[in-house]
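Please look over the sequence and the model shown below before reading on. The briefing that follows takes the overall fold before the individual sites.

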Amino acid sequence: MAVLSIPDLNVTERDPQKIRQFMNDRGIFFDQWQADVVFEDTANQEEILKAYESSLTPFMHSGGYQTADVITINKLTENYEAIRAKFLSEHTHSEDEIRFFVDGEGLFWFNLETEPVFNLLCEKGDLISVPQGTKHWFDAGESDPFVKAIRIFIDMSGWVPEYTHSKLEERFADFRVAR
Ligand code: KMT
Ligand code: NI
């Protein structure tokens, strides 16, 4: 279940309804799908997409999304440092960034510029759509990363990050979600 935090205001919110409202008020789509399928570490992309077909297909049709794939990051991931760095600098994309967490977790950070930076810890079952052009960054953690997420695209080329070079993420480097 997702956790919303606003570090500068010392806010932590765990109520799914309130999180959904908070996100939707800001034009960020957030939903939770049933996610009770357990995958082996070796599960391949086809297997994972197939398991969520009944949720994915209608969602993709209604949004005009064309392709989906799976991103897996775990302790076996080579070059994790480089992968982490790619997501960790504030950036935007020219299309919505849609991720459905089938397992693991990661922190999506949002800089809407008109209000304090907030983040959403996404976990199994959480679906997030970062609107195109929204400044954001993502962190799966310094060590022991674990992310298994379906990525949904209109056109994969829309994912290319445009970095803002603000270094805003550095100000929040020590943040930990209140457990
Ligand atoms: C991005 O662009 O921030 C990402 O793709 C995040 C990693 S996928 C959970
Ligand atoms: Ni991104």
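The secondary structure of the chain in this predicted model consists of five helices and eleven strands, where helices (H or I, at least four residues) and strands (E, at least two) are DSSP runs, numbered from the N terminus. The chain has a radius of gyration of 15 Å, close to the 16 Å that the globule rule gives for 179 residues, so it is as compact as a globular protein of that length; the radius is taken over C-alpha atoms, and the rule is 2.2 Å times the number of residues to the power 0.38.

Residues are numbered from 1 along each chain as its sequence is written, while chains are lettered from A and ligands numbered from 1 in the order in which they are written. Because the model is predicted, local features need pLDDT of at least 70 and side-chain atom pairs count only at pLDDT 80 or more, whereas totals for chains, interfaces and linings use all residues, and side-chain values use heavy atoms, with hydrogens and water left out.

**Overall dimensions and burial**

- Taken along the principal axes, the C-alpha atoms of the chain fill a box of roughly 40 × 35 × 35 Å.
- Of the 179 residues in the chain, 49% are buried, a term that stands for under 20% relative accessible area, with exposed meaning over 50% and partly exposed in between (1.4 Å probe, protein chains only).

**The nickel site**

- The nickel ion (ligand 2) is coordinated at 2.0 to 2.1 Å by His91 (NE2), His93 (NE2), Glu97 (OE) and His136 (NE2); donors are N, O and S atoms within 2.8 Å of the metal (3.2 Å for Na, K and Ca), and sites may look incomplete, since water is not among the atoms.
- The six donor atoms around the nickel ion (ligand 2) subtend angles of 54 to 172°, which makes the arrangement irregular. Under the scheme used, four donors count as tetrahedral if all angles lie between 85 and 135 degrees, four count as square planar and six as octahedral if opposite donors are over 155 degrees apart and all others between 65 and 115, and anything else is irregular.
- Along the sequence, the donor residues of the nickel ion (ligand 2) follow the spacing H-x1-H-x3-E-x38-H. Distant parts of the chain are linked by the pair of His91 in strand β5 (residues 91–92) and His136 in strand β9 (residues 135–139), which are 45 residues apart.
- His91 is buried, with a relative accessible area of 2%, and His136 is likewise buried, with a value of 1%.

**The surroundings of ligand 1**

- Phe87, His91, His93, Glu97, Arg99, His136, Phe138 and Trp159 surround ligand 1, a residue being counted as near if one of its heavy atoms lies within 4 Å.
- An oxygen atom of ligand 1 lies 2.9 Å from an N or O atom in the side chain of Glu97, an oxygen atom of the ligand is 2.9 Å from such an atom in the side chain of Arg99, and for the side chain of Trp159 the corresponding distance is 2.8 Å. Taken alone, ligand 1 exposes 300 Å², of which the protein buries 100%; accessible areas come from the Shrake-Rupley method with a 1.4 Å probe, and for residues only the protein chains shown count as cover.

**Loop residues**

- Thr134, in the loop between β8 (126–130) and β9, counts as buried at 12% relative accessibility, and its side chain reaches the backbone oxygen of Pro131 at 2.9 Å.
- Ser166 is found in the loop between β11 (162–163) and α5 (168–171) and is partly exposed at 38% relative accessibility. A polar contact of 2.8 Å joins the side chains of Ser166 and Glu90; such a contact is a pair of N or O atoms within 3.5 Å, where within protein one must be able to donate a hydrogen and the other to accept it, and residues adjacent in sequence count only if both atoms are side-chain atoms.
- Ser166 and His91 are 75 residues apart in sequence and 9.0 Å apart in space, C-alpha to C-alpha.

**Positive phi values**

- Most residues other than glycine have a negative phi.
- Asn79, in the loop between β4 (67–73) and α4 (80–88), has a positive phi near 60° and is exposed at 60% relative accessibility.
- Asp144, in the loop between β9 and β10 (147–153), has a positive phi near 50° and is exposed, with a relative accessible area of 64%.
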